[in-house]
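Please look over the sequence and the model below before reading on.

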Amino acid sequence: MSVPAEAAKTPTKTRAVPHPAGHRIDLTWTNPPAMAFLDGAVQLGVRVVRRERTHPETPDDGTVVYDGPVTDHFQDLAAPPGRRHYYTVFAWDGGRHHAAAGSRASALCTADHGTGEILYDLLPAVHRREDRPPGTEELAALPPAVRDALRDLPPALRGTGPLRRFLAAAAAPLDLMRSTAEALPDLYDVERAPEEYLPLLGAFLGWHTDLTLPVHLRRGEIRAAPALYRTVGTAPSLRAIVTRYTGRRARIAEYAQSIALSNTAPGGMLYALRETGDGWRAADDAAPVLGFGPGNDRAAGGAGAAAVLVSAHPGPYRLGPGMEWTVSADGRAPRTVRLRPGDAADLDAVSATELARVLDRDIPGLLARSLPDRRLELRSQAVGAGSALGVESATASLVTLEGAPTGRPAVADTGSGTALVCYATNQSADGTPRLRGKVFRAGRWGESFPVGPPGARTPCGEPAVAALPPAAPDGPARLLLVWVERPGTDAARLRHAMGTLHEPAPATLLGDRSAPLPVPHDSVLVLRDGLGRARGVPFARSDFADPDAPSLSDVVRVLNLRLGTVAVASAATGQRLRLDSTATGSEARLRVDVALSGPAAAALGFHTGNCEAAGTDGDAPAWAAAADIAAVPAGPLADPVAAPDGAGALVCYARHDGRAWQIRAVRFDGAAWSGDQALTGGVRSSREPTLVRATDGHLHVVWAAEGTPGNGWSLRRRTRDTAGTWSPETAFGSTPPPGTTGDREPALALAADGTPRAYFRSDREGGADLWVTTAAGPPARITGGPSADRRPVALPSAAGTSWLLYRSDRGVDLARTGRASATSAGTLRRHAGTTSVDLGDRARLQTRRAWDDLLAYTPHRPEGEAPGAPLRDDELYTRGTIGLHLVDPVPDALDDRRMERLRTVATRFVPANTRVVVVHAPPPDVDEAYPGGAGPEDRHRDRHPDIDRAPAAGDASAVTLPGWTTLHSAVPAQPPPPDPAAGGTSADPARPAATVRFRSHGPPPR
């Protein structure tokens, strides 16, 4: 016997009508027939639920106005007048409540405005005097039905005359008309309009209302439509639409970024990692410091409870300016919060209370507080199943968007916790490769600046930099910069320049009025620092030797006595006043509040044109003129690296000798270059040298050496002692496995015990990852995942911790750039370029067609191939296609109707030349075994069409790549394809658009 349909168990034909007397609503309905409960149950009762704005969805979703025996009518006497009320009638069978669309109704509750009494009072007194109720004899003479009707009158009309009773009945429709007229403004209020008017309100805005949605969702659509229309074509608009219609977050893929373009190399942006007790983490990520990590980075709410996360580590926390953490609350987009000066009294010891204040300020939907044990608690504002919290851990910290396909960054330790980083970039205004630099000081990065003498027009790359001792005992520190001019050519030259460092400067204000400075009596000068704190300095006549003409020295004396730690006053040229902030660097600020200072500011020479100043970091060194390294002739040169050596520096580089690349060394004594010594030889190449000076004065050089056929590159080492003698060449670390490219791009640094260790790039695990090893090995992997990480270099001055800089082609979330807190737009700026596919890089191949896909594809439907046919959903790679990747662990929760509605609405909020594709794929470990919406069943056979039996072991294997073909250009097709349009060739140069799809292909690689 089949189970009766759920709809048959629900009340139908529900009606709600306002009563003519007002202050109540009459409801009627038809109960389900008895045959609807053939499963043994019977209808035992009825529940009527009332609420405003929308119909109740569940038996407890509103005010229960009736809950009792079975009935088919009810009068709601408690409905507030002047409002529209929505009802749902539920049939109760002892186990469940049943309701459907026919169980719902709504009505406006009218009011009794007393119109009948008003009209009665307007009658002449004679009529009212004679309007008496029937007497005893008159009542007895009336028919029984009339006597019963008089007895059932409302209490207010009992015992009244016929005229009063007539006007009460006649005026009841007028009260109904007045209540309806007073409710007319509600027709234009999206929150109070009847549901049948919502499509009209939506039409005013050009919004097509989905009548299948609950009423409250239809109201929400119309309310949000103006904001969505203002952001048409933007990522936040699309994400808001996805969240509204699916309840899920979306990540947006711009497939135009994944189309293969010739001569497009990876971006190679600079990233930073920091070594912690739990491994290598993003350098600026505060989550590990606070104790949010695997196992303590996700929380969900429950029945009546909010999601809660508590840090594993108690405060205070050693953070620093620019430290960031990313938190998402209740399904909202992740928001990255950055710590700024002024957020805590001491950024090296930030309390949980100070962090809670920052989080409450910057993240909506989050409640943060400090617990008694000094740990940080994060709590969602929402409760129930929709409450959720997540702390997103970053895999790396972006240092700069000024990238280049290759080139190792160069680092110089300039002392006092400061390091200069130089790097090459091809993102200059004219496209010519240039050198740029950044300074790492006190835990934060400064702004980038040009490196090297100004005016250079030739391509420059592959910098090397070393800090040298001052030329004089009290002189500034010096820098040696070496770079390759015209890199990658046979005319490359090694160039060098000397530079000096600047100290951070304070914010300086200079008055434009010369002494005497007539400061008025009882005036106040108000100064503000970089944190916005104000300091007022009052002046009195008794402060000055000559009150009518105060001297500059008197003003300076008074200011220095009363300014405290905000600023220092001094005399400037021209008898003018100078104010310097006590803080230095780019965060230093000093401002005269002209509005509050009034006559004092004017008397001292400050006005709106000179009342504000900022300090500078002094990052950009001053460079002397560039010159060639005369000891090194021009030719194919690459990979220079420099390390301090006494009063000068040792520079190693790679040079091609006509057979192979070899490592050579040349020394700078602080004034001149000498020697050009070969450190390697033979027919196999050696590249990418790296240098480090040990605490015992020995210089270690490690490089990548080409292996024999079938073996990859490996690391080799030589050491120069204090006498200048080089040791024989030996291996450094373990030998990479056969069949791999091997170990490349080493970078030396000293471990905590003073021994050298090398960071390097290797494909030991398939992809281009970063590793670290000592001379004895074994190596340990630092990075993994789909991105290609390369060119590591150690950052020596990072507050006593080990930092690592490297280049990577990973995508960039722009919310993680800049210095202010920002909300993620759910998009990535792709920097992977167009590179060959490495079939051994499993992690990279797994990103195929994913949101963070790093592969490049030829475009779908090139010009000339079926131009009139519409694009299919699986044809993604066109310039106008955008993918909405829904974040959802189990995809069958979305039905086809909502997905189609999402596609329809999203199409209206993108430019006309843009196509939206919804991608709702489960994670790799989740497979949809039974599709949602397929109907109830009591059994299901799970078939696995993609699982094959493994054949017997043999000496050959093949890789199946669905959707992939191996293309061979300019290979004639033999025999010609059956389609005569192919012309018998892989591609006809005369008709490329028509024949490009007939390129030949081979079998999968073996």
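Thr847 has its place in the loop between helix 14 (842-845) and strand 52 (881-887), where helices (H or I, at least four residues) and strands (E, at least two) are DSSP runs numbered from the N terminus. The model is a predicted one, in which local features need pLDDT of at least 70 and side-chain atom pairs count only at pLDDT 80 or more, while totals for chains, interfaces and linings use all residues. Residues are numbered from 1 along each chain as its sequence is written, and side-chain values use heavy atoms, with hydrogens and water left out.

Thr847 counts as buried because its relative accessibility is 5%; buried means under 20% relative accessible area, exposed over 50%, and partly exposed in between, with a 1.4 Å probe and protein chains only. The side chain of Thr847 reaches the backbone oxygen of Arg844 at 2.6 Å. If residues up to four places away in sequence are not counted, Thr847 touches Pro786, Asp852, Asp853 and Leu854, a contact being heavy atoms within 4.5 Å.

Ala235, which lies in helix 8 (residues 235-246), is also a buried residue, with a relative accessible area of 19%. Leaving aside neighbours within four places in sequence, Ala235 is in contact with Ile252, Ala825 and Thr827. Ala235 and Thr827 are 592 residues apart along the chain, yet their C-alpha atoms are separated by 7.5 Å. In the protein as a whole, residues 24 or more positions apart account for 59% of the contacts with a separation of 6 or more. The protein has 16 helices and 55 strands, and buried residues make up 45% of its 1006 residues.

The backbone deserves a separate look. Most residues other than glycine have a negative phi, and most peptide bonds are trans. A cis peptide bond, with omega about 5°, joins Gly315 and Pro316, and Pro316 is found in the loop between strand 13 (308-310) and strand 14. Another cis peptide bond, also with omega about 5°, joins Ala515 and Pro516, the latter in the loop between strand 28 (506-510) and strand 29 (524-529). Arg53, in the loop between strand 3 (45-51) and strand 4 (63-68), has a positive phi near 80° and is partly exposed at 27% relative accessible area.

The largest cavity has a volume of about 50 Å³ and is lined by Arg408, Glu462, Pro463, Asp639, Pro640 and Arg791. Strand 25 (460-468) and strand 37 (637-645) each supply at least two residues of this lining.

The second largest cavity, with a volume of about 30 Å³, is lined by Ala287, Leu290, Phe292, Trp325, Leu359, Leu376, Leu378 and Val391. Helix 9 (287-290) and strand 17 (376-380) each supply at least two residues of the lining of the second largest cavity. Leu359 is also among the buried residues of helix 10 (residues 352-362), and what covers those buried residues includes helix 9 and strand 17.

Key. On a 1 Å grid over the protein atoms alone, a cavity is a set of points where a 1.4 Å probe fits but cannot get out, and a pocket is an open set with protein on both sides within 12 Å along at least five of seven lines; lining residues have an atom within 4 Å of a point. Grid points are joined across faces, edges and corners, and a volume is the space filled by probe spheres set on the points. A polar contact is a pair of N or O atoms within 3.5 Å; within protein, one must be able to donate a hydrogen and the other to accept it, and residues adjacent in sequence count only if both atoms are side-chain atoms.
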